[in-house]
Amino acid sequence: MAEEVSTHRGSVASITPEQIKEMERASRRENLGRNWYKFSRNPLSVIGVVTVILLILLATLAPLVAPFPKHAGPFTDFAHAKLPPEWGHLFGTDQIGRDVLSRIIFGLRSSLLMGVVVLALVVPPGVLLGLLAGYFQGMWIEAVIMRITDIFLAVPPLILALAVASVLEPNLWNGMLAVSLMWWPWYTRLVYGLAVALRNEYFVSAAEVTGASTAHILFREILPNTVSPILTKMSLDVAWVIIIGSMLSFVGLGVQPPEPSLGTMIADGARYLPDQWWIAIFPALAIVVVVLGFNLLGDGVRDMFAAQET
Amino acid sequence: MSFAPLLLEIKNLHVHYAVYGGRLKVLDGVDFHMRTGEKVGLVGETGCGKTTMMKAILRVLPMPPAQIPQGEIYFNGRDIRKMSGNDLQRVRGRGISMIFQDPTAALNPVFSVGEQLGAVIQYSAERGKALSHQEIHQRAIAALQEVALADPERLLRSYPSQLSGGMRQRVCIGMALATHPQLLIADEPGTSLDVTIQDQVLRLLRTLVAEKDTSVILITHSLGIVREMTDRVYVMYAGDIVEVAVTPNLFANPLHPYTQGLISTVPRLTGGGIASGIPGRIPNYLTPPTGCRFHPRCPHVMDICRAEKPPAYRVDDDHEVACFLYRTENRV
Amino acid sequence: MSLLNFLVRRIIYSVFVLLGLSIVIFLIARVMPGDPARMAVGARAPQWVVDRLREQMHLNQPLVVQYGYWLSDAVRGDFGLSLITQRPVTTDIKEFLPASLELVFFSGLLSAVGGIGLGIVSARYKDTWIDNVVRVFSYFGIVTPSFVFAILFILLFGFTLNWLPIIGRVHEQTAVPPLVTGAITVDALLAGQFGTFFDALRHLLLPAISLAMGSIAQEARITRSSMADNLSKDYIASARALGIPERVVMGRFLLKPSLIPTVSILGLDIASTLSVAFLVELIFNWPGLARYGMNAMLHKDLNAISAVILVLGAAFVTVNIIVDIIVAQLDPRIRLSATRSA
Amino acid sequence: MRGKTFTAFAVMILVSLLLTQCTPTAAPPAAPTQAPAVAAAPTQAPIATTAPAAQKRVLRITFSWPDRIDPAVGNDYAGSTSLANLYDTLIFPNAKGGVDPWLAESWDVSQDGLTYTFHLRQGVKFHDGSLLKASDVVYSYDRLKAIGEGFAYLVTAGVEGVKAVDDATVEFKLSNATALFLPSLVRLYVASEALIRQNTKAEGPYGTDGDFGKEWLQTHDAGTGPYMVREFPLEQYLLMDKNTDWWGEFHPNAPDEVRFIGTTEAVTIRSLMQNKELEISDQWQSFEAYQALEKLDGVKIAPLQSLSSFYYMINNKKPPTDDVHCRRAIDYAFDYDAAVGLEWPGTRQMVGPVPAALAGHDPNVFTFKRDLDKAKAELALCKYANDIANYPIKVQWVAEVPDEEKWALLFQANMAEVGLKAEITKAPWLSLVENTSKLETSPSIATIYVSSDLPEAGLMLKQRYHSSTTGTWQQVEWLQDPQLDAAIDDALATLDDQERFAKYAKIQAELVDRAVSLWIYDQVEKHAYRTCVDWPAARGETSAIMGYQEYAAHIGVDCQ
């Protein structure tokens, strides 16, 4: 970030815009390389990345990887119900005779999908509103956006999502929608703070003086400089969204059976504790692994950008 | 040349920083000594290891990442590195105290000036002499008055964020002097301030030091200040002492190519500008140049410079230089 | 005085925020399908009962007017009847809120004491095995959802070891103290019943720890890293260099600035436990507001949902104000800028 | 280091808590000994235990919550059990399926069967000490009718008016004769008019009757029954004290204190049973949980005969199940043997539309067996056959009964075999109740256990298939068929048993032919109970009517 700012500052003199662009690109490429180097120096971050990649592979290749792909759908085999972990069923089978491992692998799909879709739904509007509010600081746009943001931020995060999810038909997509509705204000607030600081920077003033359009200033001047905090927050948020998703499905507001989801598997499996412990405990461990993976990854991203700041 | 007893002697000090990917060898066998009452200057570009050396003396380097694999630091004849916690604490403050480079960073943002200054005064009192609140308060006021700060009562209640840069610097000086140290280390005082204020601060420091006859190590990259304030100068480059001389000698006859470069830039008094006289920048400590660390920037570089590290040669009684250009002279 | 000023401004602003929230809630509640009057009296109630109730609830008037009535009722503490309990929502909230607050308070206390304590220990013994244990614990604490902890703790401490109770707020044969605040621990102390107090505390322990685990871990991690960060700050080096003894440097000059981020995050965590609590309350059969709210949501009990969200919103905002005050006490920079702008 | 202080503090708290574990149950000895006379709300009065815990006979039972104890509201398992214990009724159901005199010592029936005159027992006292009068019966009836919830549909059907002839005599006038009237009085819980009026809020939906005391009756009782509410923190438990002034006869070891606990959480129930803190479990545990409970010392499983069956209620009004062929396809495709095999030993497939234990059940009615060929043939006849993928069968099962998922999944798998697509959703009970109240929100299939309120096939037919119950969870079929209604009403008005049962048989046959539901099995109600409890229901000595299995006055508790 620091490098880019200085490039902008230096640009006012005699270099052509094309050269600046090229320099920016070069410096970004260099940053990328350096960032990845820094990132890869931290073994925990690397564990995070590897875990996340593995999980994504497992989820996308679920039908090929899962030992019993059919068990993710409508399937019953009461003769083989409640088998403890053994070679044929590494994580045992559940009360209906379905392979717990296969269901966990398929369950990853909805968890990961939740993380991705919610962020995809949340980040663009949240960032846009934050940019607008920050850039038009002191004007009515800011007042309206930030007051609405404050209202949403005044409710404990989960409650609003539950309320919305409960009025909609319970399924994965409505669950995502509900979580998204409560999540955008955090991005608005983050970007708002950054944009307020950035709008007074030289390069923004310079662009204003040269008559650049508002869109240009927002998206070409301010936005690129907010990318690293946004990325950091996103990478840490994935884990949170997944936890919240599992909470929703734990109470039955998310994915509906028989489609597996980790939260539902825990909720249902809890009925068979303590004797058939594997039905609930393995999905619980799976959530821990998923969240841990994203958390390590997020920490790595944060440290990487933090190191770049200094 | 004075024959006062040796106050501080550093032998072969190495300081490394462990970071991902290796060790930064920031100090690579530094020798240093000074006598009671001496005012010694330490010059060199930013990042050459001056502050590290001073923090190492007081054992306030953050460890980890810093490590001291080797070296002795004698203060009044005792090795600071081998001291127990109690002894060390007696050296800190009343023995050696230090003015840090950046007064904003050196003051704790969440305690008032009074709380910080009070603590310094309280714990630097003579052993077995607990001071009353009243006494501490009075001494604190006196300390602030000494550094020419107006309205000390109000100042004591203030927090660092409420003060201007110049005031913070004065508070730092006041705190460092409030312990009545034998040796004061002043690390680039005033560098972060604008030039007029910096000038005031330095003048104040000079007056105070002269009044109290304290021994001083003055770290700076400004040769002008060195010339005015010090008796003797160490020149440092990339973790090595490259030249030592009494102040007039150094200016009259700089020997090391680096010192020569430095002195040629003296007229340009702007802060931080001294490196511009010498092409290139301070090397990377992770993989420092072999041999003489200055060789990649040296106009007189020879083959031997790349292969071997130059020892110190004594050119004159008070003048040593670590450069193969002078290898005909006596090794120290 | 200026801190008071700051406080008053915060409170007034919060009231406006809550007012905005009430509009959002009202809209959600009214947009939902279903006749609130019919829902209130049950599907098989005679039509005349429903009609009369519609009249009483002003349901035949425009939405804005309805909101006016709803708000003026809400301000007077009247949120209408709850569908699940069939009695005024306010009565329910009075009954369930103290249990939730009690739980959240103790969980917050555990987070503060446990988290900061572990963080300090970890920073103090940085890079030793103690530190490593704490760090691994923190990672797992942060990534494990509270309901998983709840299930594990019930299994381990409740079922297998049988150390701690896993249901209810006190043992069934324990005399319940006269209800004053509704929080049994507090009431027991007020009544001087120490046996009951300890019994209530034992019942609180597992749910409170399950709820607190995440934030204990979080707090430990933040305290540790902020202490580690600050340890390399010049003001610590300076304090040491000027002869201040190590214990004073660590216990005073390092601790106070290091607690600032911890306290801010702790506040956020406590505030959000208000909502995460529902799962733990569900699992431990804890009769709290979050669980009540959850049930209300599962059963589309709109009056209860609106009230619970508003009450939790108010609690959330209050906790945030309290945290701001504590942080301002810790950090003069915030205090000073607050008074300057006030 | 401050850190040490913190850790030390935390350890101290922990240790002190663990130490106190040894003496948690001891109530402060200095507690006052006066028993609370009237049930007190937990939010009002100080509550003290009356006697040392050891001497007290305590009966603790878990239930699926919430528990509604307003006599005009409660009607599910927890509610009717609570009401049976708190209130008395004019008559009492006996184990043989008949009724015995209770609050009514005797009664006369007019020649045309339209007027019933009840002579009340004298000297019966409400829990506040006031005497029961005929006007209280009239008030209880009026209140039930006005509120219209709970068992109102059962009690008020066909009654024209009720009046108090004098303080000891009540007269019911019927609009038409019915065999159900007398047994239905089991659901008319007699409450004290004075007490309710005292606690009525003026503002409420019921006109001059305000809220009809609804709020107060949520957590209090106004009955004459063998037990009375001491404490009812909603969402937690219902605690009742023995009514020592009760006119009836207690079991010699009847409990002094009855606690209904609102949880069905498996681990909790295991722990409670294991710690001897629970005498009788709820009936909603999983098969595995009962197996595990049975292994505990001094715990047995009682499979109770019940009037209840497990239905897949098929919506007869919504596509695709509005076509009889589609419904028949479903009935043929389901694997009944597998479904029954998942239940406790002794469970049998349902024969016809009513539980086999009811008087008037026809054992010879046609019974569906799994036959995929027939299922496919029927499906082909269904008008949605060509487009069946666009008509998913939406199944909602009750979240509180986790075992239902097994059958739901079995159903889904079975249907998939013939090409029917089933979407299954778990719905919390109250959501399901809400959903089934309107045709638009009703699922294609709701999976519900229905218990007959009386041991009479005709009542179950009425409960399940008569238009008067559409819009409740008791009928998601939405038949709304006037001819069927008339046939049921006609059968019920037939006072001669033979004749009446013949009419029932005809109706049963027709319902099976129309495949209006998927009939799965007659329920065996499982409860784990401690053998130190003398429980008549476990020996089959109580009425099978819902709510009377846990009639505490007749249960003996002799545990330690």
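1. Let's start with helix α16 of chain D, whose buried residues pack against α15 (457–465) and α17 (497–513) of chain D. Helices here are DSSP runs of H or I with at least four residues, strands are E runs of at least two, and both are numbered from the N terminus. Helix α16(D) covers residues 482–492, and its buried residues are I488(D), A491(D) and L492(D). Seen down the axis of α16(D), these buried residues fall within an arc of 100°, so they line one face of the helix. That arc is taken over the directions from the helix axis to the C-beta atoms. The face turned away from the buried side carries the exposed residues P482(D), Q483(D) and A486(D). For the cut-offs: a residue is buried if 20 or more other C-beta atoms lie within 10 Å of its own, exposed if 12 or fewer, and partly exposed in between, with C-beta atoms placed from the backbone.

2. A word on provenance: this is a predicted model, in which local features need pLDDT of at least 70 and side-chain atom pairs count only at pLDDT 80 or more, while totals for chains, interfaces and linings use all residues. Residues are numbered from 1 along each chain as its sequence is written, and chains are lettered from A and ligands numbered from 1 in the order in which they are written.

3. On confidence, the predictor gives the complex an ipTM of 0.72 and a pTM of 0.77. Per residue, confidence is expressed as pLDDT, from 0 to 100. Chain D has a mean pLDDT of 85, with 90% of its residues at 70 or more. Over residues 1–53 of chain D the pLDDT is below 50, and this stretch has 78 contacts in the model beyond near neighbours in sequence. A contact means that the C-beta atoms of two residues, placed from the backbone, lie within 7 Å.

4. Chain B has a mean pLDDT of 77, and 88% of its residues reach 70 or more. Residues 267–276 of chain B have a pLDDT below 50, with eleven contacts beyond near neighbours in sequence. Within chain B, confidence is lowest in strand β13 (residues 330–331), at a mean of 67, and highest in strand β9 (residues 232–237), at 86. As for its make-up, chain B has twelve helices and 13 strands, and buried residues account for 46% of its 332 residues.

5. Back in chain D, four strands form an open antiparallel sheet in the order β4-β5-β7-β6. The edge strands, each pairing on one side only, are β4 (104–109) and β6 (159–166) of chain D. Neighbouring strands of this sheet are turned by 20° against each other on average, direction ignored. Helix α3 (residues 134–147) of chain D packs on the sheet, touching β5, β6 and β7 of chain D, and its direction makes about 160° with that of β6(D). Axes are lines fitted to C-alpha atoms, for helices over the stretch in contact, and angles run from 0 to 180 degrees between N-to-C directions.

6. Inside that sheet, five bridges join the antiparallel strands β5 (residues 115–120) and β7 (residues 169–174) of chain D; two strands count as paired if DSSP finds at least two bridges between them. F118(D) stands opposite V170(D) in β7(D).

7. Some backbone geometry deserves a look. Most residues other than glycine have a negative phi, and most peptide bonds are trans. The bond from W65(D) to P66(D) is cis, with omega near 0°, and P66(D) is in the loop between β1 (58–62) and α2 (77–86) of chain D. The bond from P319(D) to P320(D) is also cis, with omega near 0°; P320(D) sits in the loop between β11 (299–314) and α10 (324–333) of chain D.

8. Which side of the cut-offs does W478(D) fall on, buried or exposed? With 21 C-beta neighbours inside 10 Å, W478(D) counts as buried. Its phi is positive, near 55°, and W478(D) lies in the loop between α15 and α16 of chain D. N12(B) has a positive phi of about 50°, lies in strand β1 (residues 6–19) of chain B, and is exposed, with 12 other C-beta atoms within 10 Å.

9. Finally, the interfaces. Of the five pairs of chains in contact, chains C and D share the most contacts. No contact joins chain B and chain D, whose closest C-alpha atoms lie 15 Å apart.

How values were computed. pLDDT = per-residue confidence, 0-100.
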